[in-house]
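Thanks, everyone. Let me walk you through one model this morning. Please have a look at it before I start.

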Amino acid sequence: MSASEKITFWYGCNVVRHGDIIHGAIALLEAVGIEVTPAGGAGYCCGTAKDGNLRAAEGMAKRTVEKFNAHGTGQVVSWCASCDRHMNGFMGEYTQPQFELSHFTQILHARRDVLAAKLTRRVERKVMLHRHFGFHEVDVNPLVEDLLRLVPGLTLVESGTAAPGHMCSALSRVPAALKDVTRGLCDEAVARGADTVATVFHSCHRLLCALEGSEPFKVVNYVNLLTESMGLEFHDDYKSWKLAGSEEAVIATVGRERVAAMGEKLFRESMLPELLKQPVK
């Protein structure tokens, strides 16, 4: 990819709760000289949510690929592991993609020399990466570790374990397995003296970020560690909501205006139970 090339940054539909990750990722891409067209939300769903209904999933896949083809950038950069896997294994079977697909970590890693020059602020943290081994299409773990090593002041603590599945969401329907992964993560982070656990994907971050309320370490998405070293701050609203505590405190932290914009019914039936649920180990 040339320094002036344009890309479509496909952040997907499930990460929209995490505006800090989306904006941080775009800032990083722009910092390494890429012109970004963001694409996400329900209109760019990969169809994973409808895997039980093949016709609906096929319709979503066709619409999303057609939109990417119409962008004409020739390069789509994915964020979500599920989206990346679905594009490679399902979506392209229905509509011929007129673009190359790369993952966000691959793009940043390929331009890490450019990125390193932008990482000027020291980030004094001892960081352990939360790793999974199920994203076979792209081995993101060593790529993210290499990127974190570029941050001045940051010490990367080697992790000896990796969780099954491509993200923690793959384990959410098996509570005992997710509990084991969470407990193992906490035990290893404490044993290795990490003051920060860095998540790779939004799904893991969503399920683990509230560990800050009970464990002696912070939980931060790696994108926010990189942007912090660039001198940029993107506040993790979602983590603040999860750590608020009671129902009243969560609503106050989210803000009545934001709840009203989302819709009271949707917020109470969908978001609030998620925000009140705490990680179990």
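Ground rules first. This is a predicted model, so local features need pLDDT of at least 70, side-chain atom pairs count only at pLDDT 80 or more, and totals for chains, interfaces and linings use all residues. Residues are numbered from 1 along each chain as its sequence is written, and side-chain values use heavy atoms, with hydrogens and water left out.

Elements next. Helices (H or I, at least four residues) and strands (E, at least two) are DSSP runs, numbered from the N terminus. Two strands pair if DSSP finds at least two bridges between them.

Start with the sheet that holds β1. It is open, has four strands, and reads β2-β1-β3-β4, with parallel pairing. β2 and β4 (100–103) are the edge strands, and each pairs on one side only. Neighbouring strands here are turned by 30° against each other on average, direction ignored. A word on angles: axes are lines fitted to C-alpha atoms, for helices over the stretch in contact, and angles run from 0 to 180 degrees between N-to-C directions.

Now look at β1 itself, residues 6–12. Find Trp 10. It stands opposite Ala 39 in β2. Trp 10 also stands opposite Ser 78 in β3.

Between β1 and β2 comes α1, residues 19–31, and the three make a right-handed β-α-β unit. Right-handed means that, with the strands pointing away from the viewer, the path from the first strand over the helix to the second runs clockwise. α1 lies across β1 and β2, and runs at about 160° to β1.

On to the other sheet. This one is also open, with four strands in the order β6-β5-β7-β8 and parallel pairing. β6 (155–157) and β8 (218–221) stand at the edges with a single partner strand each, so one side of each is left without a neighbour in the sheet. The twist averages 35° from one strand to the next.

Go through the pairs. β5 (residues 126–129) joins β6 through three parallel bridges. There, Lys 126 has Thr 155 as its bridge partner. Three bridges also link β5 to β7, in parallel, with Met 128 partnered by Val 197. β7 and β8 share four bridges and run parallel. Thr 196 stands opposite Lys 218 in β8.

In a regular strand the side chains alternate between the two faces of the sheet. Apply that to β7, residues 196–199. Thr 196 and Ala 198 lie on one side, Val 197 and Thr 199 on the other, and all are buried. β7 also belongs to a right-handed β-α-β unit, with α8 (residues 202–208) and β8.

Helix packing now. The axes of α6 (residues 140–148) and α9 (residues 222–229) come within 10 Å and cross at roughly 25°. α6 and α9 are therefore roughly parallel to each other; the classes are under 35 degrees for roughly parallel, over 145 for roughly antiparallel, 65 to 115 for roughly perpendicular, and oblique for the rest. The contact (heavy atoms within 4.5 Å) is made by Val 144, Leu 147 and Leu 148 of α6 and Tyr 222, Leu 225 and Leu 226 of α9.

Compare α11 (residues 247–254) and α13 (residues 264–276). Their axes are 11 Å apart, at an angle of about 110°. These two helices are therefore roughly perpendicular to each other. Glu 247, Val 250, Ile 251 and Val 254 of α11 meet residues of α13 including Phe 267, Arg 268 and Leu 272.

Last, two residues. Ser 229 lies in α9. Is Ser 229 buried or exposed? Buried, at a relative accessible area of 0%. Beyond four places in sequence, Ser 229 touches residues that include Lys 118, Arg 121 and Pro 152.

Gly 74 sits in the loop between α2 (54–71) and β3. Gly 74 counts as partly exposed, at 31% relative accessibility. Leaving aside neighbours within four places, Gly 74 is in contact with Gln 98, Phe 99 and Glu 100.

That's the tour.

How values were computed. Buried means under 20% relative accessible area, exposed over 50%, partly exposed in between (1.4 Å probe, protein chains only).
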